[in-house]
Structure formats: C-alpha cells, structure tokens
Amino acid sequence: MTRPCWPLLVALAALVVPAHVGRAAEPFAGENPASAEFFEARVRPVLVARCHECHGPDSDGEGNLRVDSLAALVRGGDLGPAIKPGDAPASLLIRAIRHGDVVEMPPKTKLPPREVADLTAWVAAGAPWPNASTPTQPQSTAEDEPPLLTDEDRSYWAFQAPQEPVVPAVKNTSWPQSALDHFVLAGLEAQGLQPAPPAHRRALLRRLTFDLTGLPPTVEEVNAFLSDSRPDALATVVDRLLASPRYGERWGRRWLDLARYADSNGMDENMAMAHAWRYRDWVIDAFNRDLPYDRFIADQIAGDLAPLAADPKTNADRLIATGFLVLGPKMLAEDDPVKMEMDIIDE
C-alpha cells in the first residue's frame, strides 16, 4: 500500500483553505481594528453586503434602523441604540450577529466567525468611522428622518405655557366688573360697538336656567330671585343650578353627541346595546361631580388599564367609562372581518 506524501498534501491544503479558518476570534496579526484601513477592508463591506438590504439607504429601514452611518448606528431603531462604541458586549448589533438573546441577524444564517470577530473588534475599538465623529449618545443628522416635532410645530399656541395676560385698557371704565370684562369690552370697542344694556332680573334668571339646565325656571324660582335683594343673589342662583342633577344631563349630552352615543348600533342590523345606558349615566355623573378633565378622558380611553383604586366603585366606573370605545354605528353583517375590525377601531 502506497504511503501518502504528507508534504504534498499539506502544500495543497494551504492553497484551498483560507488562512483565517480556525482562528477567527484570535488577534488580528498586526491589523488595527481602530484604523481606517481595517474599517474599509473588514467592516464596511460586511455592513453593505449583509445589512444594507434591510437597513441601508435604499431600504425601508426595518425596525427604523439604518446602518449606513455611525450616527444612525448609535441612534439605533425601535430596540434602542445598535452599538455602544467601546463596549461590544453591550451593543445590540454584536448580540444580534452572535444570534444572542434579543434578536438574530441576519435572521436565516449566522455570519461567518471571521465577520463576527471583525465587527466585534471594531465596536470594541470605539467604532471608528472615517470622516465621522463618534457620537456619545443617539443624535440626529441631516441624513436621518426629520424630527417628530419641528420648531414651527413647537411654537403652536397649544404647546405654550399659559402666561398671565395684560388686562387691556378700555374707554368705558364704568362697565367692567371683572378683569374678564375688560377683554370683552376691548373687543367690542375695537369694532366700534358698545355692550347691550343689562338684562332685567326675570330675563337674566331665564337665560341662566336654560343655559345650565336646559329647562325654564319654575314660578317659585322666579319669585324667589325677584324678591332676593342680597348682593350675592345672582351667584347663589348660579351655584344652585350647577349643583342640580339637570346640569350634568344638559352638558353631558354635548359629550355624548361627540362620542356618537346611542342605545343601539344602527346600520344594517339595529341591535340594542342593553347596557349602553351605563356609559350615558357615567358621563352625566362625571359632569355633576366635576371629574377632572384629564381623568375624564383617560378613563374612557384606558380605564381598564388604570391602577386599581381602594374604592371598588371607582374601579367599576372606570370599566364602564371604556364603553366609549364600542359606541357608534357599525355593520354587524360585514362580510370582511378585517374591514369590520378596522371600521370599529376607526369609529
């Protein structure tokens, strides 16, 4: 049996097997991971070949992540910064290409060990990128997406902190009874107008009662007000009307109209919602007990997600408030279930 020629086999193997196989994670034999040459030869080609299809300048930027600039890598995407220069183990990019605990990239096949080692060494060396300064934290650049709010957006009046306005001067100084009256009168005088004469007491009571309760005053209420000569007689009437259950019924209706409240779904099959009245009564009660507006909105949108309160009734009321989410007309016989879901969400 002929013995193999070992020197010849070794020489042939050296011709077909890359020199780096078997030592991918070893030191780089004189190559400096912090050098521009290393980046251009060993890092940028990997990013372009392996990552640009999904995260490059011509892609949709899956997960809002781009890898074509250092700023984009440091800023990261939906999962946070992609790299932390100088800290490879804490960098999401390195954990991803190692198919670690968060995400696996590329998703189908793992990078060759040599490429993993090159990217790891580059990040550990501070992630130098030729002609780019190393950001210390996620930041925007001209090539990135525009900010969510521009300076023009931020100057919109609704985003400005309230400030005490200067009370305007008026010509008819005897008419205003409060600072607010100055603003009303200043607007009238600017248009060459004068205030209407004061309403007599009967008309004033009728206007107030209709405005706050939607009902006319009773004969007894009219007589009581006409005979009340106290300076705070009008304020007493206003307090009484605000405390009336009719106040919540009158003004809660305004919100119920906005919420498109009804006792049924309408549309193709007008099916009754047997418990819709609970939401209606919750809105009326919220007005009558002066529920703060932010709580009023939050309970309707996410009352079921609010922290549990010590009072069981409060917890039950917050669940009832979420009836806001299911109100409005909807097609119960919709053939397309996805469209039906979207219509309900949109409503």
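Which residues line the largest cavity? Lys330, Met331, Glu334, Met340, Asp343 and Ile344 do.

First, the ground rules. This is a predicted model, where local features need pLDDT of at least 70, side-chain atom pairs count only at pLDDT 80 or more, and totals for chains, interfaces and linings use all residues. Residues are numbered from 1 along each chain as its sequence is written, and side-chain values use heavy atoms, with hydrogens and water left out.

Now the overall picture. The protein chain has 15 helices and zero strands. Both are DSSP runs, numbered from the N terminus: helices are H or I with at least four residues, strands are E with at least two. The chain has 347 residues, and 29% of them count as buried. Buried means under 20% relative accessible area, exposed over 50%, and partly exposed in between, with a 1.4 Å probe and protein chains only. The accessible surface is about 23400 Å², and 59% of it belongs to carbon and sulfur atoms. Those areas come from the Shrake-Rupley method with a 1.4 Å probe; for residues, only the protein chains shown count as cover. Take contacts, meaning heavy atoms within 4.5 Å. Among those between residues at least 6 apart in sequence, 48% join residues at least 24 apart.

On to the empty space. Rolling a probe the size of a water molecule over the atoms shows where empty space is left. The search uses a 1 Å grid over the protein atoms alone. A cavity is a set of points where a 1.4 Å probe fits but cannot get out; a pocket is an open set with protein on both sides within 12 Å along at least five of seven lines; lining residues have an atom within 4 Å of a point. Grid points are joined across faces, edges and corners, and a volume is the space filled by probe spheres set on the points.

The largest cavity holds about 40 Å³. Its lining has three nonpolar, no polar and three charged residues. For these classes, Ala, Val, Leu, Ile, Met, Phe, Trp, Tyr, Cys and Pro are nonpolar, Asp, Glu, Lys and Arg are charged, and the others, Gly among them, are polar.

Next, the largest pocket. Its space is about 530 Å³. There are 27 lining residues, and Cys54, His55, Leu65, Met105 and Pro107 are the closest to its centre. α2 (36–55) and α4 (92–97) each supply at least two lining residues. The largest share, six residues, is from α2. By class, the lining splits into 16 nonpolar, six polar and five charged.

The second largest pocket has about 430 Å³. Of its 14 lining residues, Trp175, Gln177, Ala196, Pro198 and Ala199 lie nearest the centre. α7 (179–190) and α8 (201–213) each supply at least two. α7 gives the most, with four. Eleven lining residues are nonpolar, one is polar and two are charged.

What about packing? A nonpolar core here is a set of buried Ala, Val, Leu, Ile, Met, Phe, Trp, Tyr and Cys residues joined through side-chain atoms within 4.5 Å. The largest one has 24 residues; Val43, Leu73, Ile83, Ile97, Leu119, Trp122 and Trp129 have the most contacts inside it. α2, α3 (70–75), α4 and α5 (113–124) each supply at least two residues of this core. α2 gives the most, with six. Apart from it lies another core, of 13 residues, among them Tyr279, Val283, Ala286 and Phe296.

Most residues other than glycine have a negative phi, and most peptide bonds are trans. Methionine 105 and proline 106 are joined by a cis peptide bond, with omega about -15°. Proline 106 sits in the loop between α4 and α5. Alanine 127 has a positive phi of about 55°. Alanine 127 lies in the loop between α5 and α6 (151–154). Aspartate 290 also has a positive phi of about 55°. Its loop runs between α12 (276–288) and α13 (293–302). Buried or exposed? Alanine 127 is buried, at 0% relative accessible area, while aspartate 290 is exposed, at 61%.

Last, glutamate 347. This residue lies in the segment after α15 (337–346). At 33% relative accessibility, glutamate 347 counts as partly exposed. Leaving out residues up to four places away in sequence, glutamate 347 touches Arg260, Leu327, Gly328 and Pro329.
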